[in-house]
Amino acid sequence: MAEEVKNFSDLKSTLIKAKPVGGDEAGEAPKANRDSKGRAYATGRRKNAIARVWIKPGRGQIIVNGKEEKIYFARPVLRMILRQPLIAAARDGQFDVIVTVVGGGLSGQAGAVRHGISRALVAYEPSLRAALKPGGFLTRDPRVVERKKYGHPKARRSFQFSKR
């Protein structure tokens, strides 16, 4: 059944050679993941929002649910959040971004789009991972709203206590 191993040299011969993760056997860099039209796709999530993001080379136009980014995200802070990964990767104005986002509020949707753009950039150009990872753009923010408990008016708030 199992071979008897008496020393480390015997152990080395029993191990199975594993392929390196991400690249080919020759140690090449990971290959870009693009479709037949030259687009890269990724999904971004934040709170209850889910964003499906496609990027392709272009003039820097961002379309969210069929509308311009300035119309969909009216607050400048939300537009700034969208562009953070593009600026960190020094690719602002080089890619057209098409986004379909559902769920949550505008703030959560902006965070989901940012996460999706970051992942799509890495799928399109894997060498950008080193620029995006330290900024935390590839990490999904796990914080969500805490559920309401029974016997309480909110998640943690209690009714006013009276001794009478």
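Colleague: What does the backbone nitrogen of Arg 39 lie 2.8 Å from?

Modeller: It lies 2.8 Å from a polar atom of the side chain of Asp 35, and please keep in mind as we go that this is a predicted model. The side chain of Asp 35 also has a polar atom 3.1 Å from the backbone nitrogen of Lys 37.

Colleague: And the side chain of Arg 39, what does that meet in a salt bridge?

Modeller: The side chain of Arg 39 meets the side chain of Asp 35 in a salt bridge, with 3.0 Å from N to O, while the backbone nitrogen of Arg 39 lies 2.8 Å from a polar atom of that Asp 35 side chain. As a general point, side chains of opposite charge can pair when their charged atoms come close.

Colleague: Where is Asp 35 found?

Modeller: Asp 35 sits in the loop that runs between helix H1 (8-14) and strand S1 (40-46). Across the fold, Asp 35 and Tyr 124 are 89 residues apart in sequence, and their C-alpha atoms are 9.8 Å apart in space.

Colleague: Why does Asp 35 count as partly exposed?

Modeller: Asp 35 has a relative accessible area of 32%, and therefore counts as partly exposed, since that class lies between the buried limit of under 20% and the exposed limit of over 50%.

Colleague: How many salt bridges does the structure hold?

Modeller: The structure holds 8 salt bridges. One of them joins the side chains of Asp 141 and Arg 143 at 2.8 Å, N to O, and Arg 46, Asp 141 and Arg 143 are linked in a network of salt bridges. Another is formed by Lys 149 with Glu 146, where the closest N and O atoms are 2.5 Å apart.

Colleague: Is Arg 143 buried or exposed?

Modeller: Arg 143 counts as exposed, because its relative accessibility is 55%, whereas Asp 141 is partly exposed, with a relative accessible area of 21%. In the other pair, Lys 149 is partly exposed with a relative accessible area of 23%, and Glu 146 counts as partly exposed at 40% relative accessibility.

Colleague: OK, changing topic to the overall fold. How many helices and strands are there?

Modeller: The protein has 5 helices and 5 strands, and reading along the sequence gives the pattern α-β-β-β-β-α-α-β-α-α. Of its 164 residues, 29% count as buried, and the protein exposes about 11800 Å², of which carbon and sulfur atoms supply 54%. Among contacts between residues at least 6 apart in sequence, 65% join residues at least 24 apart.

Colleague: Which residues touch the most other members in the largest nonpolar core?

Modeller: That core has 31 residues, and Val 53, Ile 55, Val 99, Leu 121 and Leu 132 are the ones that touch the most other members. The elements that each supply at least two residues of this core include S1, strand S2 (49-57), strand S5 (95-102) and helix H4 (106-124), and H4 gives the most, with 9 residues. In soluble globular proteins, nonpolar side chains tend to be buried together.

Colleague: Why is the pair of Tyr 72 and Phe 73 edge-to-face?

Modeller: The ring planes of Tyr 72 and Phe 73 are at 80°, with the centres 5.0 Å apart, so the pair is edge-to-face, given that planes over 60 degrees apart fall in that class. Tyr 72 counts as buried at 18% relative accessibility, and Phe 73 is buried with a relative accessible area of 0%.

Notes: Residues numbered from 1 in each chain as written. Predicted model: local features only at pLDDT ≥ 70, side-chain atom pairs only at ≥ 80, totals over all residues. Heavy atoms only, no water. Helix = DSSP H or I, 4+ residues; strand = E, 2+ residues; numbered from the N terminus. Buried < 20%, exposed > 50% of the residue type's maximum accessible area, 1.4 Å probe, protein only. Polar contact = N/O pair within 3.5 Å; in protein donor to acceptor, adjacent residues only side chain to side chain. Salt bridge = Lys/Arg side-chain N within 4 Å of Asp/Glu carboxyl O. Contact = heavy atoms within 4.5 Å. Areas by Shrake-Rupley, 256 points an atom, 1.4 Å probe, with all protein chains shown as cover. Core = buried A, V, L, I, M, F, W, Y, C linked by side-chain atoms within 4.5 Å. Phe/Tyr/Trp six-rings, centres within 6.5 Å; stacked < 30°, edge-to-face > 60°.
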